[in-house]
Amino acid sequence: MKFERYGIGIAKGLALTLKHLFRAPITVQYPDEKLNVSRRTRGNELVWFPDKCTGCGTCTKACLQGNIILVTHRGEENKFIVDKFELDSGRCIFCGLCVESCPYNALAMGVDYECAKYRRGDAVLGKEKLSLSEKHKPSAYYRPQFAAELPEQSLLLYNRKEGGQKLSIFPLSKRKRGPHA
Amino acid sequence: MTLLDQFQLILKSQNWPDWAVYLVPALVGIIIIISVVLTVVIVYIWWERRLISRFQIRLGPNRCGPEGIFQPIATAVKILLKEDIVPEKADKLIHFIAPITVFVPILLIFAVVPFGEGAILADLNVGIVYVIAISSISVIGIFMAAWASGNKYSFISGMRSIAQMVSYEIPVVLSIVGIALVVGSFSMLKIVEAQNIPFILLQPLGFLIFFLGSLAEMNRSPFDLLEADSEIVAGYHIEYSGMKFAMFYLGEYGVALAYAGIITTLFLSGWQGPLLPPVIWFLIKVMMVFSVIVWIRSTLPRFRVDQLTAFAWKFMLPLAVINLVLIAIEVLVIPANLQWTMVLINFGFAAVLILLWSKLFTLGGGRVEV
Amino acid sequence: MPIKTESFYLNVGPQHPSTHGVFRLRLSLDGEVVTDVEPIVGYLHRGIEKLAETRTYTQIIPLTDRLDYLASMTDNVAYCVAVEKLAGIKVPERAEYIRIIFSELMRISSHMMAVGFYLNDCGAFFTPVLYMWREREKIIDLFDMVCGQRLLYNYMRVGGVSQDLPDEFMPALKKFVDEMPRYIGEYNQLIKQNEIFLARSKGVGILPRETAINIGASGPVLRASGVKWDLRKMDPYSLYDRFDFDICTGEVGDCYDRYWVRMQEMTQSLRIIEQAMKQMPDKGPVCADVPQFFRPPAGEAYGYIEAPKGNLGFYIVSDGSIAPYRLHIFPPTLINITALRDMVIGWKVADLIIIFGSMDVVLGEIDR
Amino acid sequence: MTVALNGEETGKKVAEAIPGSVVSGDKNSLIVESKSLLQVAEYLKNTPGMEFDYLTVVTAVDYLDYFEVVYRLVSMKNNQSLMLKTRVFDRVNPTVASVTGLWRAAYYQEREIYDLLGIKFEGHPYLKRLLLWEGFEGYPLRRDYL
């Protein structure tokens with residue numbers, strides 16, 4: 001090692017860190033501030049549309065975990081009627097292959113990402129929990145028809161101003177109480 | 001006349017017995033200093049975490065209390081509640097003594113740090129020598145901890161600590177002698193009083209050497225080889241938990257505070273300053289020095305152990321010696337009222353010497369044939 | 001009495017801050033000088049090759065995500081290239097451009113992680129990592145926008161990609177490409193000329209050219225040793241022959257060269273992305289017509305691409321059924337660490353850490 | 001563009017130099033006798049016009065009747081590649097010569113094959129299990145492993 005440049009390299013680095021001292025932090029204080037996830041997010045808990053589902057079972061074959069349980073019986077006009085549609089979200093890897101494989105648009109990924117459960121049994125989702133509801137919305141992953149309903153994704157690239165929460169310039173004193181408090 | 005002496009005089013005039021006249025003011029002083037030091041250390045920990053996070057465009061802890069000021073207290077409570085684990089293969093006694101050996105000398109340093117005019121516990125006439133002597137003891141503590149843990153990483157850290165401390169004591173002492181030459185005394189109070197011009201201007205090279213040396217002494221980046229978490233995980237305190245770990249943790253920041261105080265005293269004209277009370281000036285300067293240390297930590301990578309020692313012996317030691325000779329000549333030749341010429345000469349010499357040495361010296365080491 | 005000395009054995013890992021995963025190095029030390037080293041891998045072995053034998057060709061794609069989890073997109077591409085070679089599928093042009101853009105974004109992101117953690121190993125306390133994570137976050141936002149997840153993308157399909165780009169993607173990508181050179185300049189300002197960093201990395205852990213070729217090293221590790229070998233130029237798969245970019249090489253093959261090759265490759269990747277954005281057709285199919293449970297003809301194929309960490313290949317043997325008969329993954333980083341012993345002997349423990357860091361190892365890929 | 005050499009033509013050249021070594025060659029690959037593998041490898045590495053100095057993938061496939069060990073050789077100088085294969089018919093104690101001496105790239109890959117398929121590589125400097133632990137029973141990547 002030689003200080004051939006008389007420590008100019010070190011000084012340059014110090015200047016850069018000093019410059020960053022006056023830049024706004026990029027931290028997002030998660031439970032208090034929430035960013036909008038991507039419209040195509042592969043969130044937890046599939047959304048299942050019972051009226052569209054014909055019980056063909058393509059999704060069960062597409063699942064690489066063998067995770068979707070589908071039980072049907074023949075109803076009138078020789079159509080399948082779904083008795084049981086069950087999925088263990090604790091074993092699901094959220095790859096989205098079942099959604100892609102569904103030929104009748106009867107499945108969609110969910111947008112939610114706060115689905116921690118206290119018991120493993122609660123992670124097994126049945127027909128009711130998978131159906132569309134107020135809280136349980138489909139994402140636009142492979143289902144572009146749902147894209148318009150979802151908020152725009154907040155990107156760090158645009159300083160997260162659009163769609164997401166604004167970053168204040170001096171966030172030292174920023175303490176908002178989130179819904180968890 | 002320090003505050004302690006005045007207190008003693010007051011007690012004497014109240015006809016207290018002799019032993020009480022000496023004991024009571026000393027105890028009061030010690031208690032005040034320890035509580036001040038521990039409070040400032042807690043502020044330090046908070047300040048470092050907040051500041052380094054801003055250097056790294058994050059927020060840092062801001063949940064506990066306003067701006068996260070109680071975060072170090074929460075950390076301390078957490079650490080104190082933890083189980084005290086002693087490894088089976090450890091040397092139990094030394095493992096127990098080591099944190100104390102590290103922590104106590106650091107507190108002892110504050111006996112001679114002048115917080116304000118007369119606000120000093122013991123105005124020793126060899127004050128700065130006392131600092132050097134006492135602060136070396138904690139190296140033994142570190143080595144004891146490293147050795148007694150029976151861990152291989154901490155063993156490496158212990159070896160590194162000895163090499164590092166031995167190397168950096170010498171340039172540090174030599175740069176202090178330069179100050180003693182100008183002041184004519186080792187007393188901390190006299191050194192502060194002598195600084196009409198802060199010695200950072202009068203002896204820029206001495207300041208540089210002392211600052212880098214003290215970075216090494218307090219194991220701060222880029223000389224934080226003892227704790228190099230990417231290499232030897234946590235170094236000497238890898239096998240410590242609970243209260244004992246807290247001692248190391250406080251010691252680490254305590255020594256940073258102590259050296260920031262000494263740098264302030266020696267080079268930044270101590271408590272002197274306009275308008276504000278002396279203690280406030282002192283704390284402001286200490287905080288500034290500490291902020292620079294944090295700034296350096298946030299930027300620089302770490303030396304390797306052979307480069308570290310080579311830097312001390314090949315770069316800092318020769319410069320320190322030349323600096324000393326230079327100061328000695330200047331003290332002889334230049335009359336005391338022409339100190340500003342000395343500033344100019346010293347800045348010129350510092351620049352020339354650094355440029356010259358940057359060209360001359362190489363850090364040796366590298367691959368060893370095995 | 002003569003002083004008796006003996007070597008000092010040290011286990012670095014499996015739990016160690018700088019082993020980048022669960023990886024163990026058995027060192028013997030003389031003082032602090034490394035005299036012998038034996039890497040021990042397998043702590044993250046998940047048997048992906050065996051699992052793949054019971055999955056359909058589409059179902060294997062999520063498994064390949066879990067190989068090099070810092071560059072999942074290129075893992076997907078490598079696998080799909082291999083299957084397409086096996087089945088003789090022609091990928092639509094737009095899909096090829098999307099693949100190239102995503103591979104290059106992935107390369108930037110992966111190199112940022114590599115360089116950032118390398119600097120962290122050097123002892124720069126997380127600052128470079130966090131600065132680089134800021135830009136990586138932007139890339140990941142883009143990935144998230146397109147394929148819905150941030151780490152395990154599962155975006156490539158046999159014959160193309162799973163979905164077309166959303167409308168807001170191209171402006172965002174444009175903004176990223178415009179901004180990025182400034183940030184790369186900042187990284188260089190932060191550390192490139194830093195004397196301590198140069199002292200730590202220049203001349204340390206030299207991998208000579210001949211050894212690099214002989215051990216079969218690939219990627220930045222090979223190029224840093226001065227070998228002009230980049231599969232994107234030497235054996236252009238996909239549409240890489242349409243782009244103008246340079247192969248970045250080092251001179252001596254030390255840690256600094258490996259760092260600097262990665263930094264330069266980030267710039268070159270940006271060049272490729274810029275060109276791809278111009279050349280890309282606006283409309284068109286993004287996936288060839290491949291049935292979900294398709295059966296490639298019996299036979300074998302070896303598909304390989306230039307992944308961020310090197311030459312990543314998939315050797316697939318098909319027996320005509322819906323699942324591959326045998327799938328072998330050729331992991332570049334496992335091959336690269338063959339040279340670890342040559343590089344670290346005689347250096348100190350601190351150097352071992354940075355030499356290992358400069359190899360950019362991801363254990364998900366080594367252990368599979 | 002890396003030219004994949006035709007196994008048939010290369011096979012003829014190899015058979016000329018080392019008689020009795022080539023089993024067959026087709027468009028994609030060249031299959032050689034396992035006992036003369038090392039000779040062929042040496043020939044391919046050192047002969048002008050071939051100069052395969054860069055070994056990439058080494059793997060093995062269990063075809064139940066036999067094991068096929070696959071080497072992909074690349075020549076950086078001539079920018080050409082060759083798939084070299086050899087077959088081992090012994091299921092109990094399959095043995096192939098190790099090419100680690102020629103290309104160290106095979107070091108970990110041969111250990112991995114030994115680990116997962118149980119093919120022994122004679123002359124390998126350190127043939128131990130790589131991914132699985134010592135004492136693991138069976139070889140998981142064999143098709144008859146359950």
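Visitor: Hi! In chain B, what share of the contacts with a separation of 6 or more comes from residues 24 or more positions apart?

Guide: Hello! This is a predicted model, and in chain B that share is 78%.

Visitor: And what is chain B built from, how many helices and how many strands?

Guide: Chain B has 13 helices and zero strands. Read from the N terminus, its elements go α-α-α-α-α-α-α-α-α-α-α-α-α.

Visitor: What radius of gyration does chain B have, and what would a compact globule have?

Guide: Chain B comes out at 22 Å. A compact globule with 370 residues would be near 21 Å, so the value for chain B agrees with that.

Visitor: How much of chain B counts as buried?

Guide: Of its 370 residues, 48% count as buried.

Visitor: Let's zoom in on a helix pair. At what angle do H9 and H12 of chain B pack?

Guide: Helix H9 (residues 204-217) and helix H12 (residues 305-333) of chain B pack at about 145°. Their axes are 10 Å apart, and H9(B) passes H12(B) in a left-handed crossing.

Visitor: Which residues meet there?

Guide: From H9(B) you have Leu205(B), Gly206(B), Ile209(B), Leu212(B) and Gly213(B). On the H12(B) side they meet Met316(B), Leu319(B), Ala320(B) and Asn323(B).

Visitor: How do the residues of that contact divide into nonpolar, polar and charged?

Guide: The contact of H9(B) with H12(B) has six nonpolar residues, three polar and no charged.

Visitor: Changing topic to the other chains. Which pair that touches has the most contacts?

Guide: That would be chains B and C, among four pairs of chains that touch. Between them, 33 residues of chain C are in contact with 29 residues of chain B.

Visitor: Which elements of chain C give two or more residues to that side?

Guide: In chain C they are strand S3 (33-40), helix H4 (93-122), helix H5 (127-147), helix H7 (195-201) and helix H14 (349-358). The residues on this side of chain C divide into 17 nonpolar, nine polar and seven charged.

Visitor: What about chain D, how far apart are the nearest C-alpha atoms of chains B and D?

Guide: They are 21 Å apart, and chain B and chain D do not touch. Chain A and chain D do not touch either; their nearest C-alpha atoms are 18 Å apart.

Note on methods: Residues numbered from 1 in each chain as written. Chains lettered and ligands numbered in written order. Predicted model: local features only at pLDDT ≥ 70, side-chain atom pairs only at ≥ 80, totals over all residues. Axes fitted to C-alpha atoms, helices over the stretch in contact; angles between N-to-C directions. Helix = DSSP H or I, 4+ residues; strand = E, 2+ residues; numbered from the N terminus. Left-handed = near helix turned anticlockwise from the far one by under 90°. Contact = placed C-beta atoms within 7 Å. Nonpolar A, V, L, I, M, F, W, Y, C, P; charged D, E, K, R; others polar. Rg over C-alpha atoms; globule rule 2.2 N^0.38 Å. Buried ≥ 20, exposed ≤ 12 C-beta atoms within 10 Å, placed from the backbone.
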